[in-house]
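This report covers chain symmetry, interfaces, salt bridges and cavities. The sequence and coordinates come next.

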Amino acid sequence: MAPIDRAKILTDLGVFGDFAVYKLRPEYAMLPAADRKAAAAEVLAVVEKHKDKVIVDAYLTRGFDAKSDYFLRVHAYDLAAAQKFLTDFRATKFGSYSDVTENLVGITKALNYITKQKSETLNAGLFAATYTDPAPRYAIMIPVKKNAEWWNMTPEQRLKEIEVHTAPTLQYLVNVKRKLYHSTGLSDTDFITYFETNDLGAFNNLLIALAQVPENKYHVRWGNPTVLGTIQSIDSVVKTLSDADRSM
Amino acid sequence: MAPIDRAKILTDLGVFGDFAVYKLRPEYAMLPAADRKAAAAEVLAVVEKHKDKVIVDAYLTRGFDAKSDYFLRVHAYDLAAAQKFLTDFRATKFGSYSDVTENLVGITKALNYITKQKSETLNAGLFAATYTDPAPRYAIMIPVKKNAEWWNMTPEQRLKEIEVHTAPTLQYLVNVKRKLYHSTGLSDTDFITYFETNDLGAFNNLLIALAQVPENKYHVRWGNPTVLGTIQSIDSVVKTLSDADRSM
Amino acid sequence: MAPIDRAKILTDLGVFGDFAVYKLRPEYAMLPAADRKAAAAEVLAVVEKHKDKVIVDAYLTRGFDAKSDYFLRVHAYDLAAAQKFLTDFRATKFGSYSDVTENLVGITKALNYITKQKSETLNAGLFAATYTDPAPRYAIMIPVKKNAEWWNMTPEQRLKEIEVHTAPTLQYLVNVKRKLYHSTGLSDTDFITYFETNDLGAFNNLLIALAQVPENKYHVRWGNPTVLGTIQSIDSVVKTLSDADRSM
Amino acid sequence: MAPIDRAKILTDLGVFGDFAVYKLRPEYAMLPAADRKAAAAEVLAVVEKHKDKVIVDAYLTRGFDAKSDYFLRVHAYDLAAAQKFLTDFRATKFGSYSDVTENLVGITKALNYITKQKSETLNAGLFAATYTDPAPRYAIMIPVKKNAEWWNMTPEQRLKEIEVHTAPTLQYLVNVKRKLYHSTGLSDTDFITYFETNDLGAFNNLLIALAQVPENKYHVRWGNPTVLGTIQSIDSVVKTLSDADRSM
Amino acid sequence: MAPIDRAKILTDLGVFGDFAVYKLRPEYAMLPAADRKAAAAEVLAVVEKHKDKVIVDAYLTRGFDAKSDYFLRVHAYDLAAAQKFLTDFRATKFGSYSDVTENLVGITKALNYITKQKSETLNAGLFAATYTDPAPRYAIMIPVKKNAEWWNMTPEQRLKEIEVHTAPTLQYLVNVKRKLYHSTGLSDTDFITYFETNDLGAFNNLLIALAQVPENKYHVRWGNPTVLGTIQSIDSVVKTLSDADRSM
């Protein structure tokens, strides 16, 4: 049972990304410390059990978001495998005290607009710059849904809008990483946009730049929720929220 | 007491489809394993009891949707029979720990627009292609509600829009099955659209194609919720969520 | 203490209709069977106690609506009497486990538009046809709220729109009964529309006909909730939801 | 410690009105009857304790509104005094089982538009008529928020709209009492409108008249919630909801 | 371990402001008085532990807002430090009975529009007046989100609108303090506006003045929630809500 190749699945197309956002119920904090101490190991065992089918990233959101304490990003070539993992996760002690407050499913696809063929200069710009900041400590997940007017534009019109969208973002490639998932029909959103950064000021400027292009006029959902978290190991997320060293 | 003919009721007109979407309360996971072990058999007995009045399909949504863990699709010639089944279901141990988070009722009717008389070529297209992919593993339920402008168009205008809607969907008949229920006045939606597929990438493309036609401009509800699940036997859904083999 | 004359209060003007929609809390199902067995009698005693002030109709919605299990329609000449009844009802065992999920108050008034004076032919049409189907088994409650543009039209313009609204509905008088309550300022709706039918397919067609007239463009609320239930005695509603014969 | 002069504070300007709307948790009904019997006296003691700083009015909404059972209207010259009272109230047994479902704060100000200077005839009309019906048994609280277009009109334009608003309301002065609180920046509403009446039919007609003037086009919130209650002493409200004479 | 310099962090740029709004669960009031008595000291210890990384302000909102009882404003140079503090706070007895109902993160930045270079006179006006009223007793937190049309205006157009916005606010500098945080991409809002005042009537007038400028037409969120509280020490907030002197 070989674990999934992380680098490969993160760049492959046709891969499912399953974003599950959780809020821990207050009763969890009332459990005996021993139960909470054992929680991380039980969760890690579930991750280990599914390592040949899914990879799992974890983020701590407590203190940043009212509706969640943490979220998981699960990648799988077969969406049913992500369901199996998340079902097993929910059956752990920690998972069984976690309420799902948002859950979005998307799929990775080839670039639609800024391809070498359709938009050569911008495409080159996208691949010319790479992230040079210290390792990202923060991740942000922002769902995007577009209105009927957007979808009814011609491909040429949408290409033009995406070009205008892309130009001001190139300068942020050095301090913000991005990844896109397509969700139309799979969840109540069209896209899941995912970002990693170590520089939240730069990220704020990037998002303002994206607000300042005409594409923004076609958004019916942009955020709602905006989920900001610190990037952590799942072990660390569970332990931090389990607070197993305190007696209550 | 003969069971309902599944193939017949799934194609008959004037049949009620009752979609009940459930979220299991966390307390269920705290029940003794023996109780959870017995849950599936109790549910199956209720299905058996009503088999001459309703047929029941089940779907596991945990891991895909924040507001549900599973949903049931109940078909009946008499809507009161669906109510009786769902009331008995809610009285089982498993049902009594399930909260209903969405419940939509619709009725099947003859084709309104793409008939042989009104739109011969497209009608032929609808019946020329059939599903050829492996058996669908996924189902998606998407409610649709249209605005007053849509309903105030002439039948000819609506026919034209539905023709434009239908043309790009024909290519997906080979990998996506569809079924339509009419709900105006029965629930807070005009239609319940139901899909089965084994190819979620193709399904995502189909829904994007539907977003790209003018009809989309008349939607006031399209999804909300979009409920994606794996198609399973009700026995399997109950057992998976009952997790009866784990001690908590 | 003479009971209210049901036929009279259902046709009198200036009568209050108080629609209270309830969801039973799951804890109710966990009560001892004896408690649940006694529930219906206790509720009936409350109805009996108030029979000189209010009449009460009951409807089972479980299996049709996510946000309710049943609703009550209370008619009274004095709204405070309806409050007294509903307060006593909530103090019963069954009522104390019921959460109110919607509660709308309206008052009956004389016809505004389709009077003999203003619209003679349609008025005649309204009174020419009567319900001829088997006794209705289903009731539907749909709140309606209109926008400022509607209310700012002249009475003549609104009359015209209501005439266009009324014409296509006449054919459904044989299979759908209707009753209207006025709610502006009493609840967050302008009207409560109430229907009874035995033919949900005809009802669906009636509501589509109402969607297809210009008046629909002035709706800011039409449904939300649409509450569909089976017409039952309150005794039957309580007993069905009390499920007193099962041991849990 | 002299109690506040009720007549004076109800007509003074610069007075704070704090509307706190409550829903009793179902667990309250499960408390021992002795606890519920003692509840009213405990609440009255809190009112007595604060009588030199606040006056308190109480209203029973159970049976009229899904989201509340009662509401309090607290007047104070110093808003912090209203907070102190409401904090002490929430610390009573009855208050500790009450969830706040709406809470709006406003301040009384001099007439803005229909002054003797700006609109002499209507101003005279406002003061010419007085309430002549039997003592009001019902109160209605309706929040109002206006859109940016309204606020960006010139004072002269707003005066004109308020004149058109005022004219049709004069005839209802005999059967509806009114009071206005300003809330912009204090709560998510611009105004709290408060009414008392003994004639809900007349009140319904008044509100329809207000819907029929152009000012209605500038509303982004009008109601939501509309909270209708019977005017009662706080003692009566607590006792009615405590139902201390029944054994559960 | 030197505590953060309060005056400096409150004026520095690039500082994170983390607003966490809480509602105490009713179960807290049922805890033994001894537990509630010890709560404030435990919270103060957490504040002390983090004093070299964050400063914490506290506000009591009970009695003013339905969705909260108090809120915290945490300033930090490193947002992860605010998360660590809030996570530790949630692990206290008091924090573990507190539900987060809103949580917004922003960052301080240099003035965008009313700079000495771009708008000299108004800039001088901003710095000419200072707060002269008695120490503020109230604080108000109001999130602001602007639409795509706003963000797509040229910087010159936005400057003009902000000038029109600023002019009428200068007169309130003597009785209302203000502070601005930028949130685009960090939370579901563009700005967090924060005010302190001792004169809520003046504050109401200031907010009406802000409603009366064209900038208001570009708001998609202004408030929702508007959170009004009294400025208190965190010790006082915890003690007031812990009500440790009463036996329940």
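Predicted model: local features only at pLDDT ≥ 70, side-chain atom pairs only at ≥ 80, totals over all residues.

## Rotation axis

Superposition is by least squares on the C-alpha atoms of residues with pLDDT of at least 70 in both copies.

Chain E is also superposed on chain A by a rotation of 72° with 0.0 Å of shift along its axis, and the RMSD is 0.0 Å. That relation is the one of a five-fold axis. In chain E, E:E27 has the C-alpha nearest the axis, 9.6 Å from it.

## Conventions

Residue numbers start from 1 along each chain as its sequence is written, while chains are lettered from A and ligands numbered from 1 in the order in which they are written. Local features need pLDDT of at least 70 and side-chain atom pairs count only at pLDDT 80 or more, whereas totals for chains, interfaces and linings use all residues; side-chain values use heavy atoms, with hydrogens and water left out.

## Interfaces of chain A

Contact here means heavy atoms within 4.5 Å. The contact of chain B with chain A takes 40 residues from chain B and 35 residues from chain A. These two chains bury about 2,900 Å² between them, with 54% of it on carbon and sulfur atoms. Buried area is the accessible area (1.4 Å probe) that two parts lose on being put together, summed over both. On the chain B side, B:R62, B:F64 and B:N204 lose the most area to chain A, together 20% of what that side buries.

On the chain E side, the contact with chain A involves 35 residues from chain E and 40 residues from chain A. Chain E and chain A bury about 2,900 Å², of which 54% is on carbon and sulfur atoms. Chain A and chain C do not touch, and their nearest C-alpha atoms are 18 Å apart. Chain B and chain E have no contact either, with their closest C-alpha atoms 18 Å apart.

## Salt bridges

A salt bridge is a side-chain nitrogen of Lys or Arg within 4 Å of a carboxyl oxygen of Asp or Glu. Over all chains the structure holds 70 salt bridges. Between chain B and chain A the count is 1; A:D78 pairs with B:R137, the closest N and O atoms being 2.9 Å apart. Across the interface of chain E and chain A the count is 1, and A:R137 forms a salt bridge with E:D78 at 2.9 Å between the closest N and O atoms.

Within chain B, the side chains of B:D35 and B:K93 form a salt bridge (3.9 Å, N to O). B:D35 lies in helix α3 (residues 33-49) and B:K93 in helix α5 (residues 93-96), so the pair ties together parts of chain B that are 58 residues apart in sequence. Helices (H or I, at least four residues) are DSSP runs numbered from the N terminus.

## Cavities

The model has 5 cavities of 30 Å³ or more. A cavity is a set of points on a 1 Å grid over the protein atoms alone where a 1.4 Å probe fits but cannot get out, and lining residues have an atom within 4 Å of a point. The largest cavity holds about 160 Å³ of space, volume being the space filled by probe spheres set on the points.

Its lining has 14 residues, with D:R90, D:S96, E:A29, E:R62 and E:L241 nearest the centre. Helices α2 (27-30) and α10 (234-242) of chain E are the elements that give two or more residues to this lining.

How values were computed:
1 Å grid on protein atoms, 1.4 Å probe; cavity = no way out; pocket = protein on both sides within 12 Å on 5 of 7 lines; lining within 4 Å.
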